[in-house]
Structures are given as C-alpha cells and as structure tokens.
Amino acid sequence: MEGRSYQRFPTVKIRELKNDYAKFELRDTDASIANALRRVMIAEVPTIAIDLVEIEVNSSVLNDEFIAHRLGLIPLTSERAMSMRFSRDCDACDGDGQCEYCSVEFHLRAKCLNDQTLDVTSRELISSDPSVVPVDFASPSSEYDNAENRGIMIVKLRRGQELRLRAIARKGIGKDHAKWSPAATVTFMYEPEIYINEDMMEKLTLEQRMSVVESSPTKVFDIDAKTGRVVVVDPEAYTYDDEVIKKCESLNAPGLVEVHPKEDSFIFTVESTGAIKASQLVLNAIDILKQKLDAVRLSEDTVEADEQFLELDAHMRGG
Amino acid sequence: MNAPDRYERFVVPEGVKKVSYERDTKIINAASFTVEREDHTIGNILRMQVPISLNFFEHLSFQGVLFLQLHRDPDVLFAGYKLPHPLQYKIIVRIHTTSQSSPMQAYNQAVNDLDKELDHLKSAFEAELAKHSREY
C-alpha cells in the first residue's frame with residue numbers, strides 16, 4: 001500500500017546569525033510547515049528552569065511565592081535539555097524529580113550585614129551541575145557591558161535580612177509554563193513581491209510620485225534622484241499595511257503599485273532567551289517536530305483491526 | 001481550584017491510544033483519525049500534506065498554471081482537521097479518497113513525506129550553518 005510521494009525539498013538561507021538571534025529565509029515549502037516550526041520553537045522545545053523551591057529562611061520584603069516565581073523565570077543554560085529526562089517519566093527517582101537524570105539542584109544563601117542594600121541576583125545561585133547555570137549575558141559574544149552586568153535581580157536585602165533556599169530545576173516545555181520557553185520572539189513573514197506599473201507611473205507628476213513614496217509608513221520606496229522614477233529600495237520593510245495601494249486608488253491609478261506575498265517563501269526571525277543558541281533552537285524544533293510526527297503514526301493494531309474489518313465486510317457482501 | 005493539570009495538555013493518559021481510526025459508516029473511503037494531545041502544529045501540516053485533487057471548476061479556470069497542481073494526488077477528495085474544543089486536547093483529521101486509494105494510505109503517505117521533508121530541512125539548515133560559521 002505504498003502511495004506516490006509528494007515530498008518537497010525546502011531550502012534555507014541564513015542571513016544573520018548571532019548566539020541569541022537568527023534571521024533566515026525558508027523557501028519551497030508552505031505556511032503550514034513554517035507555522036509548525038514557529039509553534040514548536042515557542043512552546044515545545046525543552047529547556048531547564050527552576051520548578052521547585054524550598055525556602056529555609058526568608059526575611060526579605062518579598063514573600064516566598066513571589067521569590068519562587070522570580071526564580072522560575074530566570075533562564076538557565078539548557079544545552080543538556082534535549083538529552084535530559086522529563087521528571088514525570090524518569091524511572092530512576094520514582095518521579096519525585098530529584099535525581100541527576102531529570103533535575104539540577106541550586107542553592108542560594110545571602111544575608112545583608114551592613115547598611116548598604118544588598119542586591120541578590122542570579123549570580124548568587126550555586127548550581128550542582130556546571131553545565132546548567134543562570135544565563136550569563138556578560139559572555140564575550142554579547143554586546144552588554146561587563147561592568148554593568150550584575151545578573152538578574154531576584155530581591156534586595158537591607159541590614160539584617162536574609163534569604164536561604166534550595167531550588168530544583170527540571171526539564172519542561174513552554175506549553176506547560178512559559179518559563180520553559182526558549183524563544184523570546186519567533187516570527188515569520190511572506191516575502192513580498194512589489195510591482196510598479198511604469199507606464200502608469202510615467203503619467204504622474206513628481207509631486208504625486210512623492211506622495212506615493214511617502215504614503216508607506218515604512219521606507220519601502222524612494223525616488224531615483226537621476227531619473228525621477230519611483231523605485232523599491234527595501235521590499236521587506238513592507239508590512240502589508242495596504243497604505244500604498246490606498247494611495248494609488250486615491251490618485252485614480254489603481255494597479256499602479258501591486259504587492260503579492262510569495263506564498264512559498266518565508267523570512268524567519270528567531271530570538272532566544274539565551275537558554276540555547278538561536279541556531280540550536282531551530283535544529284531542536286525540527287527534531288521535536290519529527291518526534292511528534294513519529295508519535296502520530298498509525299499503530300500496528302489499528303491497521304490490523306481495519307484489515308479484519310475489510311475482510312469481514314467483503315465476506316458479508318460476498319455471502 | 002478545579003483547573004485541569006497543565007500536563008493534561010500534552011501527556012497522553014494511560015489506556016488511551018495516541019491515534020485512533022474510524023471509518024465513515026455511510027461514505028466509502030472516508031475516515032476520521034482522532035489524534036490525542038495534539039493541536040494545530042500537527043493538524044495543519046498533516047492537512048496540507050495530504051494532497052487534494054482539483055475539482056472540476058478549478059481545472060477549467062486555471063488550466064495554464066496547473067502543471068504543479070497536476071502532480072498532486074488525484075485520489076484524495078477531501079482532507080481537513082478540527083480542534084473540537086480548546087479544552088479537549090485532541091484533533092480530528094478527516095480524509096476522503098477515491099477508490100484508487102484509502103484514507104489510511106493517504107495518512108501514512110502524508111506522515112512519511114513530512115518526515116522526509118523535515119530530514120531534508122534539517123540537513124539544509126546544518127549545511128547553511130556550517131557555511132555561515134566558516135565565513136565569519
């Protein structure tokens with residue numbers, strides 16, 4: 001029962017790549033694949049985040065729950081996450097989520113002893129696993145100033161106040177809680193194709209052409225200084241706002257400018273929280289999507305049951 | 001208080017099948033696939049991958065540009081999916097084919113093709129990544 005294959009062969013072109021940012025073109029596929037990738041990147045690529053907090057002492061101004069929530073939202077480096085186990089299907093620890101396969105332990109101890117306010121930041125979190133630590137934005141590749149980087153603020157303590165706690169970080173996905181989402185933003189847009197009807201444009205005065213150029217809220221068009229013609233300078237700045245189209249209509253020249261989205265061509269922008277690299281985020285998303293597809297394959301017994309049904313059916317008809 | 005647990009959204013409960021298949025009782029070669037704990041991510045790519053033949057009118061009006069479309073499987077008459085309710089964590093994929101094929105065959109083919117497409121996408125992305133890291 002092999003059917004004909006209708007497989008497509010998408011192509012990719014990376015335009016810009018930084019640790020926490022990627023911009024690439026995806027072509028020769030359709031919006032359903034682009035959107036599936038986007039959805040998986042946001043909600044289903046796993047990371048590690050603090051999930052359980054045991055507070056020993058907390059005499060700060062923030063209550064225990066508030067601090068636990070703030071700890072959960074701190075991004076942790078999660079290269080390990082893909083190979084880690086979810087604590088709910090970890091058999092090494094009966095799912096209490098406290099073994100090395102499915103969890104990482106953190107400790108935090110801070111006490112303010114002098115009159116100056118003490119800032120407790122993510123840097124004070126001591127990890128049991130050197131590969132899982134709060135994301136350090138002061139890494140050399142980052143543009144943030146080292147002197148200014150003091151980690152992510154958790155709470156401020158005044159003289160005599162103290163915070164002591166133990167936290168368990170676990171693997172999870174953004175669908176469960178947004179703290180596990182590795183994506184800050186993931187967007188894609190159709191690549192626009194912009195046509196200018198030169199014959200119609202000829203008939204317009206320079207003033208009218210200027211008004212066409214200026215009607216777009218983003219800088220898509222410009223006027224060639226030499227020839228005085230309207231040219232497209234940056235098609236991707238177009239936001240599908242239709243302002244230019246409306247302007248053309250008001251000039252009594254519908255069809256002067258036409259914009260068509262290329263429906264098999266997408267421009268992706270991926271920003272990571274720092275938990276995993278942006279490039280790794282895309283690759284992990286493809287892997288996760290493949291796993292999901294594997295999971296929705298029909299099981300053997302479903303196929304068998306149907307074959308039996310067919311035989312029975314043929315028998316009934318025949319008899 | 002009585003909110004459902006968050007994991008309910010993506011953990012298939014024990015004793016429940018991930019994919020179940022139900023033939024249509026009235027229409028031959030039509031069937032519904034109920035996929036537990038999945039949403040638009042899977043539903044939409046499956047629906048789009050199951051190729052749908054063109055109906056008569058489309059055929060007449062776009063004769064010139066049909067080349068690409070004619071490559072598609074003329075055996076699938078309908079493919080769609082629905083998410084019945086946001087708190088019922090399942091999707092229903094419905095496929096209707098001609099007698100030359102079967103819904104099960106079309107479904108399997110769609111999953112296989114998507115799997116291969118993603119393999120291709122992954123190697124394409126990795127190749128670009130390698131190229132990009134060499135350049136800088």
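Trainee: How do you know that the end-to-end span of helix H6 (residues 278-295) of chain A agrees with what it should be?
Mentor: Keep in mind that this is a predicted model. Helix H6 of chain A has 18 residues, and at 1.5 Å a residue these should span 26 Å. The end C-alpha atoms are 26 Å apart, so the two values agree.

Trainee: And what makes H6(A) mostly covered?
Mentor: The count of buried residues: 13 of its 18. Buried here means under 20% relative accessible area.

Trainee: On to the rings. Why is the pair of Phe188(A) and Phe268(A) called tilted?
Mentor: The structure holds 8 aromatic pairs over all chains, and this is one of them. The ring centres are 5.3 Å apart, and pairing needs them within 6.5 Å. The planes sit at 35°; stacked is under 30 degrees and edge-to-face is over 60, so the pair counts as tilted.

Trainee: What makes it a link between distant parts of the chain?
Mentor: Phe188(A) is in strand S9 (residues 183-196) of chain A, while Phe268(A) is in strand S12 (residues 257-272) of chain A. The two residues are 80 residues apart.

Trainee: Why is the aromatic pair of Phe33(B) and Tyr107(B) called stacked?
Mentor: Look at the angle between the planes: 15°, against a stacked limit of under 30 degrees. Centre to centre, the rings are 4.2 Å apart.

Trainee: Which parts does that pair tie together?
Mentor: Phe33(B) lies in strand S2 (residues 30-36) of chain B and Tyr107(B) in helix H4 (residues 103-135) of chain B, so parts 74 residues apart in sequence are tied together. Phe33(B), at 0% relative accessibility, counts as buried, and so does Tyr107(B) at 1%.

Trainee: What makes you say that Arg85(A) lies over the face of Tyr101(A)?
Mentor: Arg85(A) is 4.5 Å from the ring centre, and the cut-off is within 6 Å, along with a direction within 35 degrees of the ring normal.

Conventions
Residues numbered from 1 in each chain as written. Chains lettered and ligands numbered in written order. Predicted model: local features only at pLDDT ≥ 70, side-chain atom pairs only at ≥ 80, totals over all residues. Heavy atoms only, no water. Phe/Tyr/Trp six-rings, centres within 6.5 Å; stacked < 30°, edge-to-face > 60°. Helix = DSSP H or I, 4+ residues; strand = E, 2+ residues; numbered from the N terminus. Buried < 20%, exposed > 50% of the residue type's maximum accessible area, 1.4 Å probe, protein only. Expected span 1.5 Å × (residues − 1).
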